[in-house]
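I opened my notebook today to look through a new structure, one step at a time. Here is what I looked up, in the order I went.

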Amino acid sequence: MVDLRAFKLFTAFAVVATSVFAQNHSSEQSEAQITDPNQECTTYSYPTVAQNIANFPTIWQPATLLASDSAGQALWSKIASGVPNIPPKGQLNGSTINVTYDSVNDPDCWWTIHQCTTPKLTGLPSDVASIPEPKSMGYAFDDGPNCTHNAFYNYLSSQNQKATMFYIGSNVLDWPLEAQRALADGHEICAHTWSHRYMTAFASQDAFAELWYSVKAIKLVTGVTPTCWRPPYGDVDDRIRYIANAMGLQTIIWKFDSNDWRVGTNNITAADVDADYGLFISNLTAGTFNGVGGIMLTHELNNFTMQEAVNWYPQLKSAFSHMVPIGVALNKTQPYVETNYSLPTFQQYISGQITAVGNASTTTPGASQSPSPSSATSNKKSSAVTIRVSSSGTWWTLLSAGMLLSGLLL
Ligand SMILES: [Zn+2]
């Protein structure tokens with residue numbers, strides 16, 4: 001005998017499931033279902049971005065502070081007078097030809113010279129270059145969102161693994177639905193500047209603009225305002241640290257480099273990257289991380305860097321006691337300016353509560369309000385992104401929707 005009620009429920013559920021799981025560029029959930037890399041990287045127009053693009057500098061070009069940006073101008077005018085009198089260094093492409101600098105004493109704590117992470121300027125916090133938890137790894141990826149990241153993010157989800165994603169503002173506006181996936185999957189989002197140039201080469205107002213518009217892009221697209229950033233190439237000094245700190249951005253760096261980003265340049269090969277991953281694990285074995293845990297520079301830059309991360313995940317997982325997002329390692333339970341989203345503590349994470357607690361209500365992305373990273377004022381607005389609590393949570397949501405619909409049919 002056919003159970004008509006069950007059949008109707010199934011039918012209703014199928015309708016809901018189909019609408020949610022379509023592979024297209026209409027929503028974060030639909031984008032996340034695309035498996036063909038060519039389709040993933042087909043450009044699309046996202047209304048929220050299209051409607052606000054005039055409020056940003058030109059994508060992928062070095063940022064300047066727009067005259068029409070009253071919120072940005074107001075914040076910069078508060079910060080500007082306190083910026084230390086340290087001249088810009090070199091060129092935006094990293095060239096240091098003709099730069100004169102006391103590299104012996106390193107008066108500006110210029111990371112690029114000796115990997116200095118403890119500022120010489122008083123009042124500035126040290127960079128985060130390690131995590132407090134011994135034998136653990138702060139797991140993070142730079143340069144996203146990459147349009148072909150679904151396979152990689154699917155893998156992380158399959159492993160119940162969260163990470164910190166350092167997103168480039170220009171990439172966020174190019175691939176907004178991919179940026180939303182990080183939040184939906186429970187990853188932590190930090191800023192990685194607007195155009196990915198060498199930060200110490202910028203005039204101070206332009207350096208501010210690089211940070212400001214990357215944070216603003218993330219806020220526009222995901223609904224959250226990051227409170228952390230990582231300098232491209234590690235290029236930071238006390239002038240840039242001052243600006244970031246004044247904007248409420250914690251500077252996060254690394255002590256180990258996988259060199260995945262260098263493959264194809266300067267004769268760096270995949271074997272070199274494997275060697276660097278292996279070296280990171282050797283350091284663990286040798287006791288380097290007995291006091292504090294490690295952070296290694298790895299990327300969401302291209303298919304090679306993402307595949308390399310997948311290839312090495314099992315070995316990292318078995319070698320390190322714990323692999324956690326950097327904010328989790330720091331017990332930074334409120335990673336954003338907005339208070340409606342939190343991260344688990346380290347203890348919660350390693351006890352199995354790996355998912356950020358967030359506002360799971362579905363809202364329409366589109367808020368164009370300006371971020372206020374220097375302000376501790378809470379923002380109770382709903383997140384633009386539906387938090388994907390877990391795979392079972394997703395199905396529960398679908399089932400609820402299906403039951404609701406079936407109730408209408410019955
Ligand atoms: Zn980078």
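This is a predicted model: local features need pLDDT of at least 70, side-chain atom pairs count only at pLDDT 80 or more; totals for chains, interfaces and linings use all residues.

**Entry 1: the sheet**

Strand E1, residues 136–138, runs parallel to E9, and three bridges join the two.

I then asked myself: in what order do the four strands of the open sheet lie? I read the order as E7-E8-E1-E9, with parallel pairing. Strand E7 (256–257) and strand E9 (322–324) are at the edges with a single partner strand each, so one side of each has no neighbour in the sheet.

**Entry 2: two helices**

I moved on to helix H9 (residues 176–184) and helix H10 (residues 204–222). Their axes come within 9 Å and cross at roughly 80°. That angle makes H9 roughly perpendicular to H10.

Which residues meet here? From H9 I noted Pro 176, Ala 179, Gln 180 and Leu 183, and from H10 I noted Ile 218, Val 221 and Thr 222. I sorted the residues of this contact into five nonpolar, two polar and no charged.

**Entry 3: the core**

Last, I looked up the largest nonpolar core, which has 90 residues. Tyr 167, Leu 211, Ile 218 and Ile 243 have the most contacts inside it. H10 gives the most to this core, with 11 residues.

Definitions and conventions
Residues are numbered from 1 along each chain as its sequence is written. Axes are lines fitted to C-alpha atoms, for helices over the stretch in contact, and angles run from 0 to 180 degrees between N-to-C directions. Angles under 35 degrees count as roughly parallel, over 145 as roughly antiparallel, 65 to 115 as roughly perpendicular and the rest as oblique. Two residues are in contact if their C-beta atoms, placed from the backbone, lie within 7 Å. Ala, Val, Leu, Ile, Met, Phe, Trp, Tyr, Cys and Pro count as nonpolar, Asp, Glu, Lys and Arg as charged, and the others, Gly among them, as polar. A nonpolar core is a set of buried Ala, Val, Leu, Ile, Met, Phe, Trp, Tyr and Cys residues joined through C-beta atoms within 7 Å. A residue is buried if 20 or more other C-beta atoms lie within 10 Å of its own, exposed if 12 or fewer, and partly exposed in between; C-beta atoms are placed from the backbone. Two strands pair if DSSP finds at least two bridges between them.
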